Amino acid sequence: MKKYSLIYIVAVLFGVNQIFAQITSGKILYNVSMEDYYNKNVKEKEASPQLEKMHRMTADAAKNIQLELIFNQEQSIFQHQKGLSISDFKELDEFVKYLIAKGVYFTNLTKGKQILQTSYEGRKYNVRSEITKQDWTLTKEKKEFEKFICNKAVLVKEIAGKNREIIAWYAPEIPVSFGPVDYVGNLPGLILELKLPIATYTAGKIELNPKKDIKIDWPKDIDTMTEEEYKKEGDKVKARLDEGW
Amino acid sequence: MKRVIFLMTIVFAIGLSSSSLNAATLKIPTDCEGMAFDYADHVYDQTGDGFAAGKAFTVALALCEMM
């Protein structure tokens, strides 16, 4: 009897191991919602009709956004679906897209590095960063996304001088530490929903181990700057705004 | 007769002033710049990103002036 129990346990463990070890690549499409942001900035702050209209247009445009995450065992690319028009105004399209994902995010988990390719007023920026450890709290709360059971994790992060709560729902069944924008390398599973103060990203379509190999070409021969240097450039734009533009 | 002309003048004057008041109300310029600054502030508050705030200001101003 003991012998059979042992064989059974070994078989189960082997099976579980096989399931987890099998996922080597994937393609995820994320949808975006800015409704929480809209409610916070319009309903709670009693915005003027003009300001309310601006927030409404932004949130409506965001509904049409689709973002794609492709990954293999060590690298990923996260970016907007190419050629997707999200509103009737080109300027609004570009702005809302930047708000949701600043550009193309390349991640290499083995090297612990990320590069963001973005632009502002015609100038291109290649922003390099190290993937650092974030202080996520893993909770026991669970919910299901597209047949995957996800666990909830919470991170408190300082944004514009205030502590903000970031919520991620990650799937331990897909044991890769990738996710939207720069939320990579920290959680023990793929992030299928991410709630930031500005928007919520939710996986709509999950394709694991696609037939076509996923090859990621890391950007080469480019001038890069650090995250701090990029932030300083952004602070100059904010200072210009504070001085009346 | 003089009384009737006087009353008609008064009525005409009141009508004229109220119609110009309406026209003046309609012509008050919408404060696009103020709204654009408020919008940029909201965006910065949620993102902490100066570039996002700059883009927010530019697009809000352009859309407000267009509408």
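**Figure 1. The second largest cavity of this predicted model has a lining that divides into one nonpolar, no polar and three charged residues.** The residues that line the second largest cavity are Lys27(A), Leu29(A), Lys205(A) and Glu207(A). Two strands of chain A, β1 (26-33) and β11 (200-208), each supply at least two residues of this lining, and in the order of the open sheet β11 and β1 are written one after the other. The space that lies in the second largest cavity is about 30 Å³.

**Figure 2. The largest cavity holds about 40 Å³ of space.** How many cavities of 30 Å³ or more does a search of the whole structure find? The search finds two. Among the residues that line the largest cavity are Gln134(A) and Trp136(A), together with Ser177(A), Phe178(A), Tyr183(A), Val184(A) and Ile191(A). By class, the lining of the largest cavity divides into six nonpolar, five polar and no charged residues, whereas the lining of the second largest cavity includes three charged residues.

**Figure 3. Twelve strands of chain A form an open sheet with mixed pairing.** Strands of a sheet pair through backbone hydrogen bonds, and this pairing may be either parallel or antiparallel. In this sheet the order of the strands is β7-β8-β9-β10-β11-β1-β2-β3-β4-β5-β6-β12. Which strands are the edge strands? They are β7 (137-145) and β12 (225-226) of chain A, each of which pairs on one side only.

**Figure 4. Two hairpins of chain A link β4 to β5 and β5 to β6.** Strand β4(A) pairs with strand β5 (residues 113-120) of chain A in the antiparallel sense over five bridges, and Asn108(A) stands opposite Lys113(A) in β5(A). The hairpin of β4(A) and β5(A) has four residues between the strands, and in this hairpin Gly112(A) takes a positive phi near 65 degrees. Strand β5(A) also pairs with β6(A), again in the antiparallel sense, over eight bridges, with Leu116(A) opposite Val127(A) in β6(A). In the hairpin of β5(A) and β6(A) there are two residues between the strands, and Glu121(A) takes a positive phi near 45 degrees.

**Figure 5. The contact between the two chains takes 36 residues from chain A and 32 residues from chain B.** About 3100 Å² of area is buried between chain B and chain A, and carbon and sulfur atoms give 70% of this area. Which residues of chain B lose the most area to chain A? They are Tyr39(B), Gln46(B) and Phe51(B), which together account for 26% of what that side buries.

**Figure 6. A salt bridge joins Asp49(B) to Lys102(A), with the closest N and O atoms 3.5 Å apart.** The structure holds 17 salt bridges over all chains. The pair shown here crosses between chains, from Asp49(B) in the loop between α2 (32-47) and α3 (50-66) of chain B to Lys102(A) in the loop between α4 (90-100) and β4 (104-108) of chain A. Between chain B and chain A the count is four salt bridges.

**Figure 7. The largest pocket, with about 1200 Å³ of space, is lined by residues of both chains.** Of the 45 residues that line the largest pocket, Lys102(A), Lys157(A), Asp182(A), Glu227(A) and Thr47(B) lie nearest its centre. Which element gives the most to the lining of the largest pocket? The answer is α5(A), with six residues. Other elements that give two or more residues include β8 (148-159) of chain A and both α2 and α3 of chain B. By class, this lining has 22 nonpolar, twelve polar and eleven charged residues.

**Figure 8. The second largest pocket holds about 660 Å³ of space.** Its lining is made of 28 residues, of which Glu94(A), Tyr98(A), Lys102(A), Ser119(A) and Lys55(B) lie nearest its centre; Lys102(A) is also one of the residues nearest the centre of the largest pocket. From chain A, β3 (75-80), α4, β5 and β6 each supply at least two residues of the lining of the second largest pocket, as does α3 of chain B. The lining of the second largest pocket has eight nonpolar, twelve polar and eight charged residues.

Conventions. Residues numbered from 1 in each chain as written. Chains lettered and ligands numbered in written order. Predicted model: local features only at pLDDT ≥ 70, side-chain atom pairs only at ≥ 80, totals over all residues. Heavy atoms only, no water. 1 Å grid on protein atoms, 1.4 Å probe; cavity = no way out; pocket = protein on both sides within 12 Å on 5 of 7 lines; lining within 4 Å. Points joined across faces, edges and corners; volume = space filled by probe spheres on them. Nonpolar A, V, L, I, M, F, W, Y, C, P; charged D, E, K, R; others polar. Pairing = 2+ DSSP bridges. Contact = heavy atoms within 4.5 Å. Buried area = accessible area lost by both parts, 1.4 Å probe. Salt bridge = Lys/Arg side-chain N within 4 Å of Asp/Glu carboxyl O.
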